[in-house]
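Here are my notes on the model you asked about. Have a look at it first, then read through the points with the 3D view open.

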Amino acid sequence: MRVSRSFLPVLKESPTDAQIVSHKLMLRAGLVRQTAAGIYAWLPIGFRVLKKIEQIVREEQDRASAIELLMPTLQSADLWRQSGRYDAYGPEMLRIKDRHEREMLYGPTNEEMITSLFRDEVKSYRDLPRTLYHIQWKFRDEVRPRFGVMRGREFLMKDAYSFDLDEAGARQSYYTQLLAYLRTFQRMGIRAVPMKAASGPIGGDLSHEFIVLAPTGESEVFYDASFEEFDWHQDELRYGDAEGLRGLFDKVSSTYAATDETHDEARWAEVPADRQRQGRGIEVGHIFYFGTKYSASLGLKVSGADGSMVTPEMGSYGIGVSRLVGAIIEASHDDNGIIWPEAVAPWKVGLVTMRGDDAASVTAADDIYAKLTAAGVETLYDDRDERGGVKLGSMDLIGLPWQLIIGPRGLAAGVVELKNRRTGEREELSIDSALERLT
Ligand code: ATP
Ligand code: MG
Ligand code: MG
Ligand code: MG
């Protein structure tokens, strides 16, 4: 994309209405704009990152054999009366009436809806197990929406729901999502540690929260540093391998990690001091096994192999897709701006001409831009006739992994400059070798 033809509003001043660094940077770099309390418009940069995160979540769900569908944002209140949650949910639920005075709501989550959809279509044990998911906007009327997209009122969530015939099967579905989550966050270039969670209003006994470490996080966390070393993508971990998945769960359970809600001083004391990590963290995902809570209340039953009726065991699995945009920035930035992990970067390369009024620079940069684009390398090309320093400053702020800098003096000597945003290292290379490095 050419900056001269794009819509990338960058703020010069640090916004005063933002309290935490990710929110400040998202406003300054032009990722989002608030349109009402806790409700955001996603501008082109933010939207690209959101889509990258969404796509990683989708690919890892698909690899774990979860099946994608799409449920609506608006739901009927009747469905929630059947589960008993219409009254229980409280003021966090946005309630709406249509023109016929029918009570509706903007979905804060989808257990009721997925259970009723599944109930109406599935009659036999042969159709289980299944895990279904969607990636859809939610609304929760948070008392204190804050920290930008991290605690919005409207936010994008991936929510998956598993249906199994018995508890053993439900545990396997839970372990499968556990692995999918570990892989998902690792691919995004962040460490999200699974921590035993106290089960909330959704209920159930098996529950983990995935927490990204950041000083501005809302919960206090304690974990064993071994979590920073695991590689969850190793081939030995395979979906469908029941023993292996149970082993993974045992390993996760036996490696200490807890939020202040579940922290256990006695077990913590057994973690060697040099491996104790303590700090604050942001909840980016949450998985629950809650048994038959919704299947029972909504009348989901299937016929079992022996002809008897079985009430399926369920779990639900959420990832805060839009919250992750903020959480990744909290975990990865410096004084000059955002530092995107390559997997979620809005573009891989920022191409900058130091002198937008120098014909040779413009010709060379146009050519490089065409070549990068043809090779499928996502490139943001700052082709404006602006001072070089200003352009480099906004590239640092936007935080693309690589900057390719074209200046008249270098060009005369046959070189361009390649800068690594994370390390700050700069290297002079011929145009051909720079292209080779980036493609
Ligand atoms: P929190 O404790 O932060 O309020 P939650 O426990 O209420 O979150 P869940 O019901 O577990 O949230 O929803 C699954 C995921 O959705 C969370 O792990 C989080 O990443 C995301 N999420 C929840 N509430 C919000 C929100 N207000 N804004 C953005 N993301 C959210
Ligand atoms: Mg909440
Ligand atoms: Mg929570
Ligand atoms: Mg939660």
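1. **Ground rules.** This is a predicted model, where local features need pLDDT of at least 70, side-chain atom pairs count only at pLDDT 80 or more, and totals for chains, interfaces and linings use all residues. Residues are numbered from 1 along each chain as its sequence is written, while chains are lettered from A and ligands numbered from 1 in the order in which they are written.

2. **The five-stranded sheet.** Start with the open sheet of 5 strands, ordered S20-S19-S21-S22-S23 with mixed pairing. (Axes are lines fitted to C-alpha atoms, for helices over the stretch in contact, and angles run from 0 to 180 degrees between N-to-C directions.)

3. **The S22–S23 end.** Strand S22 (residues 416–420) runs antiparallel to S23, joined by 4 bridges, and Val-416 sits opposite Leu-429 there. Their hairpin has 5 residues between the strands, and Gly-424 in it has a positive phi near 80°.

4. Helix H14 (residues 431–438) lies across S19, S21, S22 and S23, at about 30° to S22.

5. Strand S11 (residues 219–224) is antiparallel to strand S13 (residues 276–291), with 6 bridges, and Tyr-223 faces Arg-277 in S13. S11 also runs antiparallel to strand S12 (residues 257–259) over 3 bridges; Phe-222 has Ala-258 as its bridge partner there. Elsewhere, strand S3 (residues 67–68) pairs in the parallel sense with strand S7 (residues 130–139) through 2 bridges, and S7 is antiparallel to S8, with 10 bridges. Follow Leu-132 across: Ile-67 stands opposite it, and Tyr-161 is its bridge partner in S8.

6. **Around ligand 1.** Which residues come nearest to ligand 1? Of the 14 around it, they are Phe-155, His-286, Gly-318, Gly-320 and Arg-323. (Near means that the C-beta atom, placed from the backbone, lies within 6 Å.) Strand S8 (154–164), S13, strand S16 (313–320) and helix H10 (321–331) each give two or more residues to this shell, and S13 gives the largest share, 4 residues.

7. **Buried helices.** All 11 of the 11 residues of H10 are buried, so this helix is largely enclosed by the rest of the structure. (Buried means 20 or more other C-beta atoms within 10 Å of the residue's own, exposed 12 or fewer, and partly exposed in between, with C-beta atoms placed from the backbone.) Helix H1 (residues 21–28) is mostly covered too, with 8 of its 8 residues buried. Among the elements that its buried residues pack against are helix H2 (44–63), H10 and helix H12 (388–398). After H1 comes Gly-30, with a positive phi near 75°.

8. **The core.** The largest nonpolar core has 108 residues, and Ile-53, Leu-178, Val-212, Ala-327, Ile-328 and Leu-400 touch the most other members. (A nonpolar core is a set of buried Ala, Val, Leu, Ile, Met, Phe, Trp, Tyr and Cys residues joined through C-beta atoms within 7 Å.) H6 supplies the largest share of this core, 9 residues. Leaving aside neighbours within four places in sequence, Ile-53 contacts Met-188, Val-321, Leu-324, Val-325 and Val-344.

9. Is Arg-187 buried or partly exposed? Arg-187 belongs to helix H6 (residues 167–187) and is partly exposed, with 18 other C-beta atoms within 10 Å. Not counting residues up to four places away in sequence, Arg-187 touches Ile-56, Glu-60 and Ala-343.

Conventions. Pairing = 2+ DSSP bridges. Contact = placed C-beta atoms within 7 Å.
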